Amino acid sequence: MQDNRIRDIVIVGGGTAGWMAAASLKRHFGSAPISITLVESSEIGTIGVGEATIPTIRRFYQALGLSDIDVLRATGGTCKLGIRFNDWLKPGSSFVHPFGLYGQDLNGVAFHHYWMRLRALGEQVPVGDYSLGASLAAAGKFTTPSRNPPSSLSIFDWALHFDASLFAKLMRQVAEQGGVRRIDARITKVNLRGEDGFIESIDLDTGATVTGDLFIDCSGFRGLLIEEALHTGYEDWSHWLLCDRALAVQSEGKGDPPPYTDVTARPAGWQWRIPLQHRYGNGYVYSSRHATDDEARAVLVGSLDERLLHEPRKITFNPGRRLKAWNKNCIALGLASGFLEPLESTSIALIETGIEKIKLLFPSRDFDPCVVDEFNEMSRLEFERVRDFIILHYKANRRTDDPTGFWTHCREMSIPDTLQKKIDLWKAQGHFIRYRWEMFSQPSWLAIYAGFDMLPETYDLSVDGLDAGQLSGALAEMRRAVAEVVAATPPHGDFIERYARPQPVAAE
Ligand SMILES: Cc1cc2nc3c(=O)[nH]c(=O)nc-3n(C[C@H](O)[C@H](O)[C@H](O)COP(=O)(O)OP(=O)(O)OC[C@H]3O[C@@H](n4cnc5c(N)ncnc54)[C@H](O)[C@@H]3O)c2cc1C
């Protein structure tokens, strides 16, 4: 029998994507006869941003044998209960999108129907008051979730903010300990096989050539293999996602770090603020059609009142996705596979799901087209689902004070049919559509709909069966239960101080 199994994996790029893939695939294959080589160029460097995550990252590193505390310490990390959106609905508005549930369903009817009836009765309580995650975040407090939550009211999850370069370094350490071979060199040429155009090898500036069976392209936006060598093509989404630039700057920290990412609407986009133990990460993501680089810089720098650690760095990007994440014997991960702006911290999560898909559909050297097609279909759907969720944040704004026209454009633009259908059903009935490969589940959609005051015209009729006084009492009881836990929880800064003081992994 011919042995067609893959023996040599070559990963191109040593940013977050490359080292996450190397660490995870090495762990997965263990002592199976597969070699993994990672080629990166310390001369070129990495993008150096990507510091806010969603809870799936914790499952990812736990599978590598790392605990939350290990990662917090190694990366100067802090805990993240969600994202606080400031000024998005309109100036002065604010809400938290938490990683967790809202309220308790009653009699088989989703909680939000009860909440909406109470609103119709005149009690305008923010939905966040029924979420332990959102309430802890708003109070600047943190505790890890109970292992045996007494009720759904106490269910929440959390993620991390971390220093991107320290996280990549930690992944590298795990990968190299597992036996991944690293080559520090610049790739000068990608060699394709004459008969079928598959990648045969890469040439390095050291004069060496590296051959492989499967190439994983983690080379960043340029897509050295997937695009420059294989010309795979790109689907551009800039008509829905107008932002195509970011200015990133690190600043000194001050005070207790909040347990959430701050994202604040600005004239031509939005600004992030990510607390770490040793500094803050800041950036302005903006549309070059609505602000010049100088105007963006003035907005960013003008909003920061602590010392900046360097000049703001400009990053140019093109929202969209690679037409095929997997083409021939090359799979793109990370920025090489496409880019959706970091509003909901989804890029690293898409790297995780990409790695899981590689494990699930690991090919032989035949590269059976049905395996490749399935991978590409899953990737397409994942990207599109995230895209729709992000577009909702723009579409739903009511910012009428709009000197650049950015927000008006977003409010008035047509949106993908898949998203329009979701919004229509939500508005008509308070019902959520959940498609395959959604990254965000119902509570997240509720957070954004409610945060933007985009509420259904009606609620489930069965809720009218409940006496108004009883309803008000039951929901007040839920709020009381949440508030009690918040009152008894220490500040996030105490948690960091106690468990997570930095012990960065050694620099090279
Ligand atoms: C403004 C901004 C903010 C972001 N914020 C977040 C966030 O908060 N959360 C989140 O999840 N994601 C975020 N992201 C995305 C996140 O930064 C990336 O998904 C992540 O860093 C992975 O990057 P990468 O490894 O694909 O690419 P890179 O970090 O760019 O790494 C590319 C690698 O390829 C190597 N390389 C390139 N060319 C060659 C060559 N010729 N020879 C050898 N090596 C080569 C480089 O040396 C480098 O090692 C953000 C992105 C941007 C642009």
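Predicted model: local features only at pLDDT ≥ 70, side-chain atom pairs only at ≥ 80, totals over all residues.
Begin by colouring residues 8-78, 162-235 and 323-385 as domain 1, and residues 102-156 together with 388-493 as domain 2. The C-alpha centres of these two domains lie 35 Å apart, and where the domains touch, the contact takes 11 residues from domain 1 and 10 residues from domain 2. Now select helix α10, residues 369-395, which supplies five residues, the largest share of the side of domain 1 that touches domain 2. By class, that side of domain 1 is made up of five nonpolar, one polar and five charged residues.

Next, select helix α1 (residues 16-29) and helix α6 (residues 164-178), whose axes come within 8 Å and cross at roughly 30 degrees. Because angles under 35 degrees count as roughly parallel, α1 and α6 are described as roughly parallel to each other, and their crossing is left-handed. To look at the contact itself, show the side chains of α1 residues including Trp19, Met20 and Lys26, along with those of α6 residues including Phe167, Met171 and Arg172. The residues of this contact between α1 and α6 divide into 10 nonpolar, two polar and three charged.

Finally, select valine 109, which sits in the loop between β5 (94-98) and α4 (111-120). Is valine 109 buried or partly exposed? It counts as partly exposed, because it has 16 C-beta neighbours inside 10 Å. Leaving aside neighbours within four places in sequence, valine 109 is in contact with Asp460, Ser462 and Val463.

How values were computed. Residues numbered from 1 in each chain as written. Helix = DSSP H or I, 4+ residues; strand = E, 2+ residues; numbered from the N terminus. Buried ≥ 20, exposed ≤ 12 C-beta atoms within 10 Å, placed from the backbone. Contact = placed C-beta atoms within 7 Å. Domains from an automatic or database assignment. Nonpolar A, V, L, I, M, F, W, Y, C, P; charged D, E, K, R; others polar. Axes fitted to C-alpha atoms, helices over the stretch in contact; angles between N-to-C directions. Parallel < 35°, antiparallel > 145°, perpendicular 65-115°, else oblique. Left-handed = near helix turned anticlockwise from the far one by under 90°.
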